[in-house]
Amino acid sequence: MTITDAFRASILYFTDDPACNPDAMHWHSDGLLLLSGEKIAAAGDYHLLKTQLPPELTVSHWPGKILCPGFIDTHVHYPQTDMIASPAPGLLPWLETYTFPTERRFQDSEHAHEVADFFLDELLRNGTTTAMVYCTVHPESVDALFIQSEQRNLRMVAGKVMMDRHCPDFLRDTAETGAHESEALIRKWHGRGRQLYAITPRFAPTSSERQLVLTGELASQYPDTFIQTHVAENKDECHWARSLFPKARSYLDIYDQCGLMRPRAMYAHCIWLDETDRRRMAETQSAIALCPTSNLFLGSGLFHFEPAIAAKIPLSIATDIGGGTSFSMLQTMNETYKIARMGGHYLPAASMFYLATLGAARAMQLENTIGSFTPGNEADFIVIDPQATPLLARRSQHLNSLEEQLFVLAMLGDDRCVEATYICGKKYIS
Ligand SMILES: [Zn+2]
């Protein structure tokens with residue numbers, strides 16, 4: 001294997017869940033990351049790996065900085081970029097007042113491109129290199145996101161929202177057109193370069209039973225595509241969903257009945273699940289995208305860690321822009337920590353960094369592709385400056401452990417800490 005690039009700094013990554021395996025976290029305070037083209041070749045201590053350096057190769061040296069796999073945001077709506085931080089008393093009025101009018105504009109391809117361009121740059125500025133992205137009901141909005149992603153060589157997962165009821169006419173498809181348009185987009189984009197497709201019914205209340213059934217058929221026809229939707233976000237929404245599907249045992253069961261629970265299915269929120277729901281999540285290897293800033297902002301509720309962990313459900317954290325209030329996965333860790341505390345659970349910083357990297361990759365069944373510095377994985381990584389602000393620099397003078405250093409980063413860090421973002425080994429410049 002030819003080493004083509006080398007980066008020297010502190011190195012942080014995971015090979016397993018640190019909550020279950022004490023050897024899962026890998027930290028090299030003077031580390032070396034070696035690439036072979038677009039892939040990871042090796043990561044470890046500088047003094048051990050330096051013998052592998054070709055004599056003519058220049059090492060990019062980042063003293064005092066941390067190299068870490070790019071963050072993964074498992075639930076985000078790019079069309080809502082322009083309506084982040086919109087005031088409304090709860091989810092349903094927020095959807096009607098802001099979301100639907102904003103998403104209407106994405107029938108205009110030029111507008112979709114302009115927003116996708118900004119959105120992807122904003123993700124990268126925050127150190128997020130992969131995301132599971134909701135587009136709008138318009139196929140043009142999906143093309144725009146994927147074209148912009150392809151131009152940056154990003155590994156993105158995205159899909160056209162399907163909704164055929166309980167929304168304005170201008171955002172409505174039908175069960176048949178939604179399935180046909182989604183299938184055409186799967187054929188066009190799934191597996192093209194680094195792009196991956198997610199079948200995306202918005203949530204059960206805005207889809208007819210027929211639409212969810214056709215969606216489930218599509219999901220079984222294309223088993224390596226992703227599925228993404230919302231479930232059990234707030235109590236009003238749960239009651240509404242149950243009243244629309246009275247035969248279902250629970251809100252989650254609506255999706256289960258339609259064949260929408262399987263590996264690579266990502267369920268956002270999952271606040272109001274019961275024990276049977278959690279068991280089904282684990283049995284089907286469906287994953288949770290916990291969206292703390294959104295849940296707090298919209299007053300939806302507090303996610304319960306202990307039963308989700310006990311049930312062994314694949315877990316990840318996400319921004320949920322525009323219900324969420326920050327693109328930063330560091331700030332998302334901060335709010336995740338507080339939600340865990342409110343439920344009596346203590347979440348170490350190591351676990352939070354795991355959730356934002358390898359944990360998310362595992363939840364998406366992409367752990368052999370992204371999320372760690374395992375040799376052969378794609379070289380998407382970031383350079384973190386742990387002293388990026390005066391307060392961080394000052395606080396960093398009083399650190400007693402690695403856990404404390406990472407915790408301080410998660411509490412006080414944001415986009416200012418992301419000094420550089422590398423995509424397949426190339427530094428991204430917007
Ligand atoms: Zn959402």
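How many nonpolar, polar and charged residues does the lining of the largest cavity have? By class, that lining has five nonpolar, five polar and four charged residues, where Ala, Val, Leu, Ile, Met, Phe, Trp, Tyr, Cys and Pro count as nonpolar, Asp, Glu, Lys and Arg as charged, and the others, Gly among them, as polar.

## Basis of the report

This is a predicted model, in which local features need pLDDT of at least 70 and side-chain atom pairs count only at pLDDT 80 or more, while totals for chains, interfaces and linings use all residues. Residues are numbered from 1 along each chain as its sequence is written, and side-chain values use heavy atoms, with hydrogens and water left out.

## The zinc site

The zinc ion is coordinated at 2.1 to 2.3 Å by the NE2 atoms of His 75, His 77 and His 230, together with an OD atom of Asp 320. Donors here are N, O and S atoms within 2.8 Å of the metal (3.2 Å for Na, K and Ca), and sites may look incomplete because water is not among the atoms. The angles among the four donor atoms run from 87 to 172 degrees, and the site is classed as irregular. Under the rule used, four donors count as tetrahedral if all angles lie between 85 and 135 degrees, four count as square planar and six as octahedral if opposite donors are over 155 degrees apart and all others between 65 and 115, and anything else is irregular.

Along the chain, the donors of the zinc ion follow the spacing H-x1-H-x152-H-x89-D. His 75 lies in strand β5 (residues 71-77) and Asp 320 in the loop between β13 (315-317) and α12 (329-342), so this pair ties together parts that are 245 residues apart in sequence. Helices (H or I, at least four residues) and strands (E, at least two) are DSSP runs, numbered from the N terminus. His 75 is buried, with a relative accessible area of 1%, and Asp 320 also counts as buried, at 3% relative accessibility; buried means under 20% relative accessible area, exposed over 50%, and partly exposed in between (1.4 Å probe, protein chains only).

## Cavities

Rolling a probe the size of a water molecule over the atoms shows where empty space is left. On a 1 Å grid over the protein atoms alone, a cavity is a set of points where a 1.4 Å probe fits but cannot get out, whereas a pocket is an open set with protein on both sides within 12 Å along at least five of seven lines, and lining residues have an atom within 4 Å of a point. Grid points are joined across faces, edges and corners, and a volume is the space filled by probe spheres set on the points. By this rule there are three cavities of 30 Å³ or more.

The largest cavity holds about 110 Å³ of space, and of the 14 residues that line it, Leu 91, Trp 94, Leu 95, His 230 and Glu 233 are the closest to its centre. His 230 is also among the residues that coordinate the zinc ion. Helix α2 (residues 91-104) gives the most to this lining, with three residues. The second largest cavity holds about 50 Å³, and its lining includes Pro 69, Gly 70, Thr 129 and Glu 378. Domain 1 (5-70 + 372-427) and domain 2 (71-363) both give residues to the lining of the second largest cavity, so this cavity lies between them; the domain bounds come from an automatic or database domain assignment.

The largest pocket has a volume of about 500 Å³, and of its 23 lining residues the closest to its centre are Asp 17, Cys 20, Ile 313, Leu 315 and Tyr 354. The elements that give two or more residues to this lining are α11 (305-310), α13 (349-355) and α14 (358-363). By class, the lining of the largest pocket has 14 nonpolar, five polar and four charged residues. Both domain 1 and domain 2 give residues to the lining of the largest pocket, so it lies between them.

The second largest pocket has a volume of about 170 Å³, and strand β15 gives the most to its lining, with four residues. Thr 421, one of the residues that line this pocket, has its place in strand β15 and counts as buried, at 5% relative accessibility. Thr 421 and Gly 70 are 351 residues apart in sequence, yet their C-alpha atoms are 7.5 Å apart in space.
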